Amino acid sequence: MSVNVEFVPDGRHGVVAEGTYLWDAAKRLGLRLPAECEGRGECDTCAVIVREGATLLSGLTGAERTRLSPERLAAGERLACQTKIERAGDLVLEPVPATERQETAEEVKQDLRAEFREMPLTQKLATLVELEAIAATQTFKAIADVPASFFEKGLDYVVNFGRARARRERQARRPAEHVGGVKKKTEADKSSS
Ligand code: FES
(Lines give C-alpha, C1' and ligand atoms only; values in the text may rest on other atoms or scores of the structure.)
Protein backbone atom coordinates (compact mmCIF):
# COMPACT_ATOMS: atom_id res chain seq x y z
CA MET A 1 0.00 0.00 0.00
CA SER A 2 1.23 3.49 -0.70
CA VAL A 3 1.11 6.80 1.05
CA ASN A 4 0.50 10.21 -0.47
CA VAL A 5 2.92 12.69 1.04
CA GLU A 6 2.79 16.44 0.57
CA PHE A 7 5.23 18.99 1.96
CA VAL A 8 3.96 22.48 2.65
CA PRO A 9 4.45 25.30 1.98
CA ASP A 10 6.43 24.39 -1.15
CA GLY A 11 3.80 21.93 -2.37
CA ARG A 12 6.07 19.11 -3.43
CA HIS A 13 4.24 15.82 -3.21
CA GLY A 14 4.43 12.20 -4.24
CA VAL A 15 3.82 8.61 -3.28
CA VAL A 16 6.05 6.55 -0.98
CA ALA A 17 5.78 3.04 0.39
CA GLU A 18 4.61 2.13 3.88
CA GLY A 19 7.60 1.55 6.12
CA THR A 20 9.40 4.64 4.81
CA TYR A 21 10.84 7.06 7.38
CA LEU A 22 9.73 10.67 6.99
CA TRP A 23 13.31 11.81 6.35
CA ASP A 24 13.63 9.29 3.50
CA ALA A 25 10.22 10.29 2.14
CA ALA A 26 11.35 13.92 1.99
CA LYS A 27 14.55 12.93 0.25
CA ARG A 28 12.62 10.83 -2.27
CA LEU A 29 10.53 13.90 -3.10
CA GLY A 30 13.65 15.99 -3.59
CA LEU A 31 13.60 17.73 -0.22
CA ARG A 32 16.81 17.50 1.83
CA LEU A 33 15.85 17.97 5.45
CA PRO A 34 18.87 18.88 7.59
CA ALA A 35 20.20 15.99 9.69
CA GLU A 36 22.92 17.29 11.94
CA CYS A 37 23.29 14.05 13.95
CA GLU A 38 22.92 11.92 10.80
CA GLY A 39 19.66 10.35 11.90
CA ARG A 40 20.62 9.17 15.37
CA GLY A 41 17.87 11.08 17.17
CA GLU A 42 20.38 13.33 18.93
CA CYS A 43 19.35 16.72 17.53
CA ASP A 44 16.15 18.33 16.29
CA THR A 45 17.28 19.64 12.92
CA CYS A 46 15.10 17.16 10.99
CA ALA A 47 11.90 18.13 12.85
CA VAL A 48 8.69 18.42 10.85
CA ILE A 49 5.16 19.40 11.82
CA VAL A 50 2.56 16.81 10.91
CA ARG A 51 -0.35 18.85 9.54
CA GLU A 52 -2.41 15.81 8.47
CA GLY A 53 -2.12 12.06 8.88
CA ALA A 54 -0.58 11.76 12.37
CA THR A 55 -2.38 8.44 12.88
CA LEU A 56 -0.47 6.91 9.95
CA LEU A 57 2.82 7.23 11.82
CA SER A 58 4.77 5.11 14.29
CA GLY A 59 4.52 6.02 17.98
CA LEU A 60 6.83 8.56 19.59
CA THR A 61 10.32 7.24 20.24
CA GLY A 62 12.35 7.95 23.37
CA ALA A 63 14.57 10.24 21.30
CA GLU A 64 11.57 12.34 20.25
CA ARG A 65 10.36 12.64 23.85
CA THR A 66 13.85 13.78 24.84
CA ARG A 67 14.48 16.21 21.99
CA LEU A 68 11.05 17.78 21.55
CA SER A 69 9.39 19.71 24.36
CA PRO A 70 5.80 18.88 25.37
CA GLU A 71 4.71 22.06 23.57
CA ARG A 72 6.41 21.00 20.36
CA LEU A 73 4.95 17.50 20.59
CA ALA A 74 1.51 18.99 21.22
CA ALA A 75 1.97 21.11 18.08
CA GLY A 76 2.43 17.91 16.07
CA GLU A 77 6.20 17.96 15.67
CA ARG A 78 8.06 14.74 14.93
CA LEU A 79 11.70 13.93 14.21
CA ALA A 80 11.70 12.88 10.57
CA CYS A 81 14.57 10.42 11.02
CA GLN A 82 12.76 8.65 13.87
CA THR A 83 9.25 8.47 12.47
CA LYS A 84 8.12 5.65 10.22
CA ILE A 85 5.01 5.69 8.05
CA GLU A 86 3.10 2.60 9.15
CA ARG A 87 -0.24 2.94 7.39
CA ALA A 88 -1.47 4.04 3.95
CA GLY A 89 -3.27 7.36 3.55
CA ASP A 90 -2.57 11.06 3.09
CA LEU A 91 0.17 12.86 4.95
CA VAL A 92 0.84 16.59 5.01
CA LEU A 93 4.15 17.68 6.54
CA GLU A 94 5.85 21.00 7.12
CA PRO A 95 9.57 21.31 7.94
CA VAL A 96 10.17 23.25 11.16
CA PRO A 97 11.75 26.62 10.23
CA ALA A 98 15.45 27.02 11.10
CA THR A 99 14.58 29.86 13.47
CA GLU A 100 12.53 27.50 15.65
CA ARG A 101 14.97 24.62 15.92
CA GLN A 102 18.63 24.09 16.70
CA GLU A 103 20.95 25.49 14.01
CA THR A 104 23.05 23.07 11.97
CA ALA A 105 26.83 23.52 11.89
CA GLU A 106 26.48 24.83 8.32
CA GLU A 107 23.90 27.42 9.39
CA VAL A 108 26.13 28.52 12.27
CA LYS A 109 28.99 28.90 9.78
CA GLN A 110 26.80 31.00 7.50
CA ASP A 111 25.81 33.24 10.41
CA LEU A 112 29.46 33.70 11.39
CA ARG A 113 30.42 34.47 7.79
CA ALA A 114 27.68 37.09 7.59
CA GLU A 115 28.76 38.56 10.92
CA PHE A 116 32.39 38.67 9.74
CA ARG A 117 31.40 40.40 6.49
CA GLU A 118 29.68 43.14 8.49
CA MET A 119 32.71 43.88 10.71
CA PRO A 120 34.87 46.97 10.16
CA LEU A 121 38.29 46.18 8.68
CA THR A 122 40.26 46.67 11.92
CA GLN A 123 37.98 44.28 13.79
CA LYS A 124 38.27 41.75 10.94
CA LEU A 125 42.07 41.85 11.20
CA ALA A 126 42.02 41.47 14.98
CA THR A 127 39.67 38.50 14.70
CA LEU A 128 41.88 36.81 12.08
CA VAL A 129 44.98 37.21 14.25
CA GLU A 130 43.11 35.77 17.23
CA LEU A 131 41.81 32.79 15.19
CA GLU A 132 45.30 32.11 13.84
CA ALA A 133 46.66 31.96 17.39
CA ILE A 134 43.86 29.61 18.55
CA ALA A 135 44.35 27.30 15.55
CA ALA A 136 48.11 27.11 16.13
CA THR A 137 47.64 26.30 19.82
CA GLN A 138 45.05 23.62 19.10
CA THR A 139 47.15 21.98 16.38
CA PHE A 140 50.17 21.83 18.66
CA LYS A 141 48.09 20.39 21.51
CA ALA A 142 46.45 17.78 19.25
CA ILE A 143 49.83 16.54 18.02
CA ALA A 144 51.23 16.43 21.55
CA ASP A 145 48.20 14.43 22.76
CA VAL A 146 48.49 11.62 20.17
CA PRO A 147 50.30 8.63 21.70
CA ALA A 148 53.37 7.37 19.84
CA SER A 149 51.84 3.87 19.66
CA PHE A 150 49.08 5.20 17.41
CA PHE A 151 51.61 5.98 14.69
CA GLU A 152 53.30 2.58 15.12
CA LYS A 153 50.11 0.63 14.47
CA GLY A 154 49.86 2.36 11.11
CA LEU A 155 47.25 2.45 8.44
CA ASP A 156 45.50 -0.84 9.38
CA TYR A 157 44.42 0.58 12.68
CA VAL A 158 42.92 3.63 11.01
CA VAL A 159 41.07 1.56 8.39
CA ASN A 160 39.66 -0.91 10.96
CA PHE A 161 38.66 1.90 13.26
CA GLY A 162 36.82 3.64 10.41
CA ARG A 163 34.97 0.46 9.42
CA ALA A 164 33.89 -0.32 12.98
CA ARG A 165 32.70 3.22 13.49
CA ALA A 166 30.69 3.20 10.26
CA ARG A 167 29.06 -0.09 11.39
CA ARG A 168 28.19 1.34 14.80
CA GLU A 169 26.81 4.49 13.24
CA ARG A 170 24.56 2.57 10.84
CA GLN A 171 23.08 0.58 13.74
CA ALA A 172 22.74 3.58 15.99
CA ARG A 173 20.64 5.43 13.43
CA ARG A 174 17.53 3.30 13.83
CA PRO A 175 15.32 3.95 16.89
CA ALA A 176 15.54 1.06 19.37
CA GLU A 177 11.74 0.97 19.37
CA HIS A 178 11.84 -0.10 15.71
CA VAL A 179 14.48 -2.81 15.87
CA GLY A 180 13.46 -4.47 19.12
CA GLY A 181 16.87 -3.86 20.66
CA VAL A 182 17.88 -1.75 23.59
CA LYS A 183 19.34 1.45 22.26
CA LYS A 184 22.36 2.81 24.11
CA LYS A 185 21.32 5.81 26.18
CA THR A 186 22.42 9.18 24.85
CA GLU A 187 23.81 11.82 27.19
CA ALA A 188 20.49 13.67 26.87
CA ASP A 189 18.56 10.47 27.76
CA LYS A 190 20.75 10.03 30.85
CA SER A 191 20.28 13.59 32.06
CA SER A 192 16.51 13.43 31.50
CA SER A 193 16.11 10.21 33.51
S1 FES B 1 18.79 14.10 12.21
FE2 FES B 1 19.18 14.46 14.29
S3 FES B 1 17.33 13.83 15.19
FE4 FES B 1 16.94 13.49 13.13
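## The nonpolar core

A nonpolar core is a set of buried Ala, Val, Leu, Ile, Met, Phe, Trp, Tyr and Cys residues joined through side-chain atoms within 4.5 Å, where buried means under 20% relative accessible area with a 1.4 Å probe, protein chains only. This is a predicted model, so local features need pLDDT of at least 70 and side-chain atom pairs count only at pLDDT 80 or more, while totals for chains, interfaces and linings use all residues. Residues are numbered from 1 along each chain as its sequence is written, and side-chain values use heavy atoms, leaving out hydrogens and water.

The largest core here has 26 residues, and Val5, Leu22, Ile85, Leu91 and Leu93 touch the most other members. At least two core residues come from each of β1 (2–7), α1 (22–28), β3 (47–52) and β5 (89–95); helices (H or I, at least four residues) and strands (E, at least two) are DSSP runs, numbered from the N terminus. Take Val5: beyond four places in sequence, its contacts (heavy atoms within 4.5 Å) include Leu29, Ile85, Leu91 and Leu93.

## Threonine 83

Threonine 83 sits in the loop between β4 (77–79) and β5. Buried or exposed? Threonine 83 counts as buried because its relative accessibility is 0%. Its side chain reaches the backbone oxygen of leucine 79 at 2.8 Å. Outside four places in sequence, threonine 83 also contacts several residues, among them Tyr21, Leu22 and Glu64.

## Charges over rings

Tyrosine 21 has the charged end of arginine 174 over its ring, 4.4 Å from the centre. Likewise, lysine 124 lies over the face of phenylalanine 116, 5.8 Å from the ring centre. To qualify, NZ of Lys or CZ of Arg must be within 6 Å of the ring centre and within 35 degrees of the ring normal.

Methods. Buried means under 20% relative accessible area, exposed over 50%, partly exposed in between (1.4 Å probe, protein chains only). A polar contact is a pair of N or O atoms within 3.5 Å; within protein, one must be able to donate a hydrogen and the other to accept it, and residues adjacent in sequence count only if both atoms are side-chain atoms.
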